Amino acid sequence: WNCMPLKIVTKEFTIQLTVFLSVGAALVLVLILVVFGVLPGGKGGRDETSITVWVIDEDTDVWKTTVSRFRDSRQDAHVSIEEIPVAIFEDELINALAADRGPDVFMFNNKWLVEHGDKVAPTPSSKMTISTFSGLFPQVAEQDFISSERIYAIPLAIDTLALIYNRDILDAKGVVFPPKTWAEFATAVTKIRTFENATLTTKAASIGGTSASTRNASDILSLLMLQNGSPIVNESYTRADFGSKGETGVMEYVKYATPQNPLYTWSDSFGRSNNVFAEEEVAMTFAYPEDVKEILDTNPFLDFEISAIPQVNVATPVNYANYWGLTVASGSQNVNAAWDFVIFATTDRTSAESYIKKTGHAPALRFLIDDYLNDPAIGVFAKQALSAKGWPQPDDDVVSEAFDDMIKGITSDEMTVDKAMDEAESTLTELIRR
């Protein structure tokens, strides 16, 4: 057996080849690290998306649960919460959005759709449909946040006006139960108020004044107009339309602050209604949950109860809501991720419930409303959300001013009712047509 000797061929490595192979090995290593998520770009290390959220809450800690839970579901997202005082929130927001330095997500009041809807990127239909929205929230949220089949905001909570009364005063005056109708309310007023030397000494209720004294004056007046059947604005939204039913609501409101009226019980000269109630100088007032908090901060030992607001017809209740939702700025560079956060914050049960517990607001989600119907602190507010209504306001600040002028004109007897209402209608109509 003959063996052929093996011939081993040797080859010297050049410097260039060595460098080429080293670079290639490094590229392969980087690719492996990316694929396994060690370096950004792989399945475990996606680039982070930053979402800035502007809120009005005095304590941003109320958002810790929501942000933490959202981060668990979207590890690529970083959420930054910034608190802006409510008194300057609207102005700061408008200026920031105009200067292209605004937030991705911001709190949106239920009265803002007409005035600020153009600053919003509506919810992509792939993320939430109108039917889903309707199943989750009361009808008032649809009226306030949906337009032209687009969802512009999603509610965080829904607060409604309620009647708050001092139990000691009502008991002392023989008013056994809080009034359920405005007729019963008028009767209670006559029992509670007292005069000495033609001076009102015991005030029955803080109602009828302008916003200078009466907290939520324009909301209470809107409520009475809606309860009496006035649309306030016409169906095509081209002009204000109070009508005869609106006049009924206006007169129901102002009579309590008109000195010549037999039911006179309030005046702008008495001071701010929340303070007067906290000081036990008025028996009844009208409030949202935030007002309750303010009253308790002033007088923690006050003995009062919360009752449903009086109705024109108890069988068909009409309530009034004032609340905030979340929305996404039209100029956001992260619209999809921002809406993911909004939807999560408002519909995740744990997050939504954490928010209402920490803030004292009433829930917006239907299944949480059901859970809180008998809650002693927010049960009344929660139940009323199911029958709350509103109207499209062109500018809530101008509405408040126009209503104040109307109220003052009537209660001071400086204007006839017709003239005062005509001027208010003209102011709102002009604003609508701009």
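Here is a short chat about helix packing and nonpolar cores in a predicted model.

Q: Before we start, what are the ground rules?
A: It's a predicted model, so local features need pLDDT of at least 70, side-chain atom pairs count only at pLDDT 80 or more, and totals for chains, interfaces and linings use all residues. Numbering runs from 1 along each chain as its sequence is written, and side-chain values use heavy atoms, with hydrogens and water left out.

Q: OK, how do H9 and H17 cross?
A: Their axes (lines fitted to C-alpha atoms over the stretch in contact, angles from 0 to 180 degrees between N-to-C directions) come within 10 Å and cross at roughly 75 degrees. H9 and H17 are therefore roughly perpendicular, a label for 65 to 115 degrees. Helices here are DSSP runs of H or I, at least four residues, numbered from the N terminus.

Q: Which residues make that contact?
A: Contact means heavy atoms within 4.5 Å. H9 gives Ser218, Leu221, Ser222 and Met225, while H17 gives Ser400, Phe403, Met406 and Ile407.

Q: Switching topic, which residues of H10 are buried?
A: Gly246, Gly249, Val250, Glu252, Tyr253 and Val254, with buried meaning under 20% relative accessible area (1.4 Å probe, protein chains only).

Q: What covers them?
A: The cover includes helices H8, H9, H17 and H18.

Q: And which residues touch the most others in the largest nonpolar core?
A: Trp63, Phe89 and Phe341, out of 78 residues. A core is a set of buried Ala, Val, Leu, Ile, Met, Phe, Trp, Tyr and Cys residues joined through side-chain atoms within 4.5 Å. Helix H13 supplies the largest share, eight residues.

Definitions and conventions:
Buried means under 20% relative accessible area, exposed over 50%, partly exposed in between (1.4 Å probe, protein chains only). Helices (H or I, at least four residues) and strands (E, at least two) are DSSP runs, numbered from the N terminus. Angles under 35 degrees count as roughly parallel, over 145 as roughly antiparallel, 65 to 115 as roughly perpendicular and the rest as oblique.
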